[in-house]
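Please look at the structure below. The text after it goes through a helix, a sheet and a single residue in turn.

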Amino acid sequence: MPAKRIADEVGRPAFAAAVAGTDDRETRATAVRWSLQRLAERSPGGSVEVRVPPFGAVQAVEGPRHTRGTPPNVVETDPITWLELASGAVSWTDALAAGRIQASGARADLSSLLPVVRAD
């Protein structure tokens, strides 16, 4: 069963607080899940699995859908790095070069999809 959708009225303030540096775990978890949800909505598909443990993972990006075993295209990062990527505070290239992202597979470059949440 898919995870319950996080409403923008809940996700956006949590995202803003998390990006501002809150150390509240629940707020950070909501921000990560909401921004992952936005990524999946912006680029629907199942060819890349984006993991941000321990808070969430989504499948996104058009292409061959993965259904069993280890996905061929995986992006994994920590919550702080994900929030920085999702907000545009750090670039994909810089985070990758710094070893803050583990990305494997031909479709695992998310640079064209970032930032996920733009400042209003």
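Buried means under 20% relative accessible area, exposed over 50% and partly exposed in between, with a 1.4 Å probe and protein chains only. Helices (H or I, at least four residues) and strands (E, at least two) are DSSP runs, numbered from the N terminus. This is a predicted model, in which local features need pLDDT of at least 70, side-chain atom pairs count only at pLDDT 80 or more, and totals for chains, interfaces and linings use all residues. Residues are numbered from 1 along each chain as its sequence is written, and side-chain values use heavy atoms, with hydrogens and water left out.

Helix 3 covers residues 79–87, and its buried residues include Trp82, Leu83 and Leu85. Among the elements that cover the buried residues of this helix, by contact (heavy atoms within 4.5 Å), are helix 1 (8–19), helix 2 (25–42) and strand 3. Just after helix 3, Gly88 has a positive phi of about 85°.

The sheet is open and has 4 strands in the order 2-1-3-4, with mixed pairing; two strands pair if DSSP finds at least two bridges between them. Strand 2 (56–60) and strand 4 are its edges, each pairing on one side only. Strand 1 and strand 2 run antiparallel and are joined by 5 bridges. Arg51 has Ala57 in strand 2 as its bridge partner.

Thr77 belongs to strand 3 (residues 74–77). Is Thr77 buried or exposed? Thr77 counts as buried because its relative accessibility is 4%. Leaving out residues up to four places away in sequence, Thr77 touches Arg51, Val52, Pro53, Trp82, Arg100 and Ile101.
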